[in-house]
Amino acid sequence: MQWLRSLVFIVQMYLAMPVVAIIYLPWAVFSPAGAHAACHAYCRWVLWTLDWMVGLRVEVRGTPPTDEVMVAAKHQSFLDILVIYNAMPRGKFIMKRLIMFAPIIGQFALRIGCVPVDRGKRGAAIKKMLGDVKSGRQQGGQLIIYPQGTRVAPGVSARYKVGTGALYEQLGQPCVPVATNVGVFWPKRGITRKPGLAVVEFLPRIEPGLSVADFMARLEHDVESASDALLNEAGLDRSLT
């Protein structure tokens, strides 16, 4: 039964995407604020239907940033993308360039200021983004990056890529680490979404000025220790994996 409920949820989730896009299209074309409004509306819809259709509630802990910062987050499934973005006013992701060619998602991602990058060319893309913000061609906001570079299942270890440290150094902005346990309930692959309470936690800021090595060590420690605690809370003992 849970599998069937999950399947219905997933189908309606994707059907809702073009509906929201069409409703907000005129505003989104006129202003990036319209694109942000559309994305927030879609996130709220998905999280609302996730609750009553699947029995999976989401809780945001800590203080989501509203100023210009870098957000470095644990990435376990599509759910953390929705929750993290929805918690902030002007979030934008560093994303794979292929995503910009995806119907609807790609166009709205570019409109809200997401930064498409090719493998090995992140530095050039970030340099252009910084120039666009300084010149006024692009609004500032909360730049979201996944330090491990991909979705990582709960309890699985994966190295943190030093590119996040380089970005921290280049931006000269505070970094807000984010921990989560959403992958326990919404896995990387498969249909079934489990009922329960998924948590995304915004952790204390790491202020600018650290060396790249010190920043990376602090970031990994903060995110991994907090995520392990959330996994234990969800019933997955990280020490046994």
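Contact here means heavy atoms within 4.5 Å. By that criterion, among contacts in the protein between residues at least 6 apart in sequence, 73% join residues at least 24 apart. The structure is a predicted model.

## Overall organisation

The protein contains 7 helices and 7 strands. Along the sequence, these elements follow the pattern α-α-β-β-α-β-α-β-α-β-α-β-β-α. Of its 241 residues, 48% count as buried.

## Helix H1 and the largest pocket

Helix H1 covers residues 2-30.

The buried residues of H1 are Ser6, Phe9, Ile10, Gln12, Met13, Ala16, Met17, Val20, Ala21 and Ala28. An α-helix has 3.6 residues a turn, so residues three or four places apart point the same way. The packing partners of the buried residues of H1 are H2, H3 and H4.

The largest pocket has a volume of about 1,500 Å³. It is lined by 44 residues, of which Ile81, Ile94, Met95, Lys96 and Ile99 are the closest to its centre. Two or more lining residues come from each of helix H1, helix H2 (32-54), helix H3 (78-86), strand S3 (91-96) and helix H4 (105-111). The most is given by H1, with 6 residues. In composition, the lining divides into 29 nonpolar, 6 polar and 9 charged residues.

Ile104 is located in the loop between S3 and H4. This residue has a positive phi of about 65° although it is not a glycine. With a relative accessible area of 26%, Ile104 is partly exposed, because that class lies between the limits of 20% for buried and 50% for exposed.

## Helix H7 and its surroundings

Helix H7 comprises residues 212-233 and includes Asp222. The 22 residues of H7 reach 31 Å from the first C-alpha to the last, close to the 32 Å expected at 1.5 Å a residue. Just after H7, Gly235 takes a positive phi of about 100°.

The buried residues of this helix are Phe215, Met216, Leu219, Asp222, Val223, Glu224, Ala226, Ser227, Leu230 and Leu231. They pack against strand S1 (56-61), strand S2 (69-73), helix H6 (163-171), strand S6 (175-180) and strand S7 (196-202).

Leaving aside residues up to four places away in sequence, Asp222 touches Leu203 and Ile206. Leu231 also lies in helix H7, and its relative accessibility of 2% places it in the buried class. The C-alpha atom of Leu231 is separated by 9.6 Å from that of Ala198, a residue 33 places away along the chain.

## Gly141 and Gln142

Gly141 is found in the loop between helix H5 (122-135) and strand S5 (142-145). Gln142 belongs to strand S5. Gly141 is buried, with a relative accessible area of 6%, and Gln142 is buried at 0%.

Excluding residues up to four places away in sequence, Gly141 touches Asp67, Glu68, Val69, Arg90 and Lys92. With the same exclusion, Gln142 touches Pro65, Thr66, Asp67, Val69, Val71, Met88, Pro89, Arg90, Gly91 and Lys92.

| Residue pair | Separation along the chain | C-alpha distance |
|---|---|---|
| Gly141 and Met88 | 53 residues | 8.9 Å |
| Gln142 and Gly91 | 51 residues | 4.6 Å |
| Leu231 and Ala198 | 33 residues | 9.6 Å |

How values were computed:
Residues numbered from 1 in each chain as written. Predicted model: local features only at pLDDT ≥ 70, side-chain atom pairs only at ≥ 80, totals over all residues. Heavy atoms only, no water. 1 Å grid on protein atoms, 1.4 Å probe; cavity = no way out; pocket = protein on both sides within 12 Å on 5 of 7 lines; lining within 4 Å. Points joined across faces, edges and corners; volume = space filled by probe spheres on them. Helix = DSSP H or I, 4+ residues; strand = E, 2+ residues; numbered from the N terminus. Nonpolar A, V, L, I, M, F, W, Y, C, P; charged D, E, K, R; others polar. Buried < 20%, exposed > 50% of the residue type's maximum accessible area, 1.4 Å probe, protein only. Expected span 1.5 Å × (residues − 1).
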